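Reader: I have a new model open and would like to go through it with you. Could we take it piece by piece?

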Amino acid sequence: MKEVAGHLPGLSADEVQWHTLSFNHRGASLEVSVPQLDDAQITALAARIRSNARAYLHQLSVAQIIAIIDEAVARLLDRHHPLRIKAEKLLPIVTGYDADMVRLGLTGYLKTFRQPQLKRFLAEGFTDPQMLDDFQPRPKGGFARAFGPQLLMHIWAGNVPGLPLWSLICGLLVKAGTIGKLPGNEPLMASWFTQLLAEIDPKLGECIAVVWWKGGDAQTEPTWLRQPDTLVAYGSNPTLAAIQQRLPVTTRFLPHGHKISFGMVARSALNTRQGAELARRVAYDVMRYDQAGCYSPQMLFVERGGKVSPDEFASYIAHELAVLAHKHPRRPLANDETNSIAAWRNGEEIRALGGDRTLYGEAADSWAVVSVDLAEPLSPAALGRTLKVVSVDALEEVVDLVAQQRHFLQTAGVAAAPNELFRISALLGQVGVTRIAAFGNMTSPEAGWHHDGRFSLLDLVTITEIEQGAEAAAEGFAPYAD
């Protein structure tokens, strides 16, 4: 099978060189052609996107933009739409993920971009979203208006299917001309979504380009990085540091690097009635996309003293992961992933000889759970459905155990009574945790969440203010002033 990715306003296919990305999964193969532009084409395309955005996108109201996005999302949610059928067929080949996992995950993810959710998203960023359309009065006096960048570039990651849609939609909401770099490991969803937008509103499609280049390429990447006013980038910390070094000092840089997430379970949540259901939810968060997302739990801290002990709870999770392994098989692992999991497992088996931990799952299983009796600091798991369950005497102990990772912390799943939830959340916030979630929802952030603790929309805009004095002075120049 063959597929063409990308979206290049003003360029025909025969003007562009194409690079082939090859994917194979369980006997099915797919070749995806992605565009490779030369320096002259890069510069011309960037100028064209800027010009088209000024002429059209800037003139649309936010309500009109939301309606267009909502229509595109509605079509992708329709399982009879040709692109949705194609997505369900091809994304498992590209990503290696189980087809049912992709189907369910795609539906849940797309629902966060429907019209009501986008309105909520805007309300999280702006007390008055009409600031994006016109000058609005401010409480201190005067008026203010928010302007997105004339050209916004995204360097996307593809560890989770459809992930680029998040920042792409953010850019559209602030009326930014957009260039998005496709990830080599999932180049399809951003391309399809942009094609849908162009089908619904061809002029809007002229304000978006979806491109590809080999990351770190010394020939073309510097040319690309000279184009945008603002760059949003996802990747490893070394990759982001290298990108930042190549950027002009005047370019606003919004990086999203490596993060680690974990869970906490209070003794109040560990009774015989709720324990099994909670274990199912924890296992689901571990299973979903094989912990490839930054919000997937890699360690679980469980408080002693409940009716279900931490070790019993670990065995419950192990059972649920075994069930999920049959329902949603783990994707095939690359050699380095296989080696990483084997090394992690061997290390835990050796430590288990000391008697302070129990390993659940055989080497042939596609999951592993380690129950640890002595408290130890938060550390990355091997991913691929591996989890360490650590016993603690009190949840307050966890704060010090995770604090050394404060620059990398993101999501904490917490199961606790209301008073404990707020008390623990305050302590976690002080050491860098930016999102508290219920188990079962760790891998599904709510619409309008503050990614890595930041304002996803406000970070993109600049505010232009008309001071009260300027407004008053203008009265003296009005034709009716005399």
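Reader: Which residue in β15 is the bridge partner of Val-370?
Author: The bridge partner of Val-370 in β15 is Lys-388. This is a predicted model, in which local features need pLDDT of at least 70 and side-chain atom pairs count only at pLDDT 80 or more, while totals for chains, interfaces and linings use all residues. Residues are numbered from 1 along each chain as its sequence is written, and side-chain values use heavy atoms, with hydrogens and water left out.

Reader: How many bridges join β14 to β15?
Author: Five bridges join strand β14 (residues 368-372) to strand β15 (residues 386-392), and the two run parallel. Strands here are DSSP runs of E with at least two residues, and helices are runs of H or I with at least four, numbered from the N terminus; two strands pair if DSSP finds at least two bridges between them.

Reader: What order do the strands of that open sheet follow?
Author: The seven strands follow the order β13-β14-β15-β12-β11-β16-β17, with mixed pairing. The edge strands, β13 (357-360) and β17 (435-437), each pair on one side only.

Reader: Switching to helices, at what angle do the axes of α3 and α7 cross?
Author: The axes of α3 (residues 82-95) and α7 (residues 189-200) cross at roughly 175° and come within 11 Å (axes are lines fitted to C-alpha atoms over the stretch in contact, with angles from 0 to 180 degrees between N-to-C directions). That makes α3 roughly antiparallel to α7, a label for angles over 145 degrees.

Reader: And which residues of α7 are met by α3?
Author: Met-189, Trp-192 and Leu-196 in α7 meet residues of α3 including Leu-83 and Lys-86.

Terms used:
Angles under 35 degrees count as roughly parallel, over 145 as roughly antiparallel, 65 to 115 as roughly perpendicular and the rest as oblique. Contact means heavy atoms within 4.5 Å.
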